[in-house]
Amino acid sequence: MSEECIRLEFNVDRGNFASAGSASEAVKTQLKLLGINSKDVRRVAVAMYEGEINMVIHADGGTAVVEIYHDRVEIVLADNGPGIADIDLAMKEGYSTAPDEIRSLGFGAGMGLPNMKKNTDEMRVESVVGTGTTIYMTVKLG
Amino acid sequence: MDVLELTALLEAETINLGENGKIKTGYCGDFLSFAMGRAPSDCAWFTVMSNVNVAAVALLAEVSVVVLCENVSPDENLTARCKTEGLNIIKTPLSEYAAAVKLGNAIGI
C-alpha cells in the first residue's frame, strides 16, 4: 500500500511577479491547517517561494508539485527554461545571472538556491542546458 | 512595542493596518531573498523596496510590520496586496538606520 499524502500542484507563470508566491502561500496555509509547527512551515514556504521566483525570472514558468506526508514535505519544481550550466557555481551565495531590472525589484542577490538548500533537509538539482531544470526538495517535519 | 506604538515613534504614516501585532525585534534590508531567509518572525522590517513582492516576503517571513523608509511610497500593487492580506505597512521619513535605532532604543535591543 502506498503511503498517504496530500498532493498539491501549481503552475507558475513566466514573468508574473505579482502572482509569484501564490503557490508557497497556498502550501503554507495548508501546512498550518494541518498543525505543522511554524518553523517547518516557514522552511517549506521560503524554499518554495525562492523556487517560484527562479522560475519567474529565469524560465518560461514551470510547475510545482508538493506532497505532504506525515513526517515530511516533498517538493518538485520543474521548468523548461535555459538550464543551469554550472550547478555548483549557482549554489554559491552571491552568484546570480539575474539582469539589472530584476535586481531593481529586490531579487538577484544570488541567495535563491542557497536559501532553498538552507531550508531543506535534502535537495537535488537536475539541469540540462537548453532543456530545463528540475529541483527535488525534502523538508522533514518535527 | 506594538505596530501602533512604532508608528507613533517613527512619526510614520499608516498605509495599511491589520492586526496590531507585537514587535519583538527589527530587520533592515532590501534584497528580498535576504529578508526572506533572515528576517525574524514578529519583527519590524525596515526597507526602501516598495514593489508587490515585499508583501509576499513579509507574509512568508511573518513580519509584524513593513516599514518603508526614506519616505518611499508603496506601488499600487503593494498597497492592494497588503490590504487584501491584512498586512501592516507604514512609511516614515527616517532612514533604515535611524528608524532601526529608534526601535532598538525603545525595546532595549
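1. Is Asp42(B) buried, partly exposed or exposed? With 15 C-beta neighbours inside 10 Å, Asp42(B) counts as partly exposed, on a scale in which a residue is buried if 20 or more other C-beta atoms lie within 10 Å of its own, exposed if 12 or fewer, and partly exposed in between, the C-beta atoms being placed from the backbone. Asp42(B) sits in the loop between H2 and strand E3 (43-47) of chain B, and although it is not a glycine, its phi is positive, at about 65°.

2. On provenance, this is a predicted model, in which local features need pLDDT of at least 70 and side-chain atom pairs count only at pLDDT 80 or more, whereas totals for chains, interfaces and linings use all residues. Residues are numbered from 1 along each chain as its sequence is written, and chains are lettered from A and ligands numbered from 1 in the order in which they are written.

3. A positive phi, near 50°, is also found at Glu11(B), a residue other than glycine, which lies in the loop between helix H1 (3-9) and strand E1 (13-16) of chain B. Glu11(B) is exposed, having 11 other C-beta atoms within 10 Å. The helices (H or I, at least four residues) and strands (E, at least two) named in this note are DSSP runs, numbered from the N terminus.

4. Between the chains, 15 residues of chain B are in contact with 20 residues of chain A, contact meaning that the C-beta atoms of two residues, placed from the backbone, lie within 7 Å. On the side of chain B that touches chain A, helix H2 (32-38) and helix H3 (53-61) of chain B each supply at least two residues, and the largest share, 5 residues, comes from H2(B). By class, that side has 9 nonpolar, 5 polar and 1 charged residues, where Ala, Val, Leu, Ile, Met, Phe, Trp, Tyr, Cys and Pro count as nonpolar, Asp, Glu, Lys and Arg as charged, and the others, Gly among them, as polar.

5. Leaving aside neighbours within four places in sequence, the contacts of Trp45(B) include Tyr27(B), Ala35(B), Ala58(B) and Val66(B).
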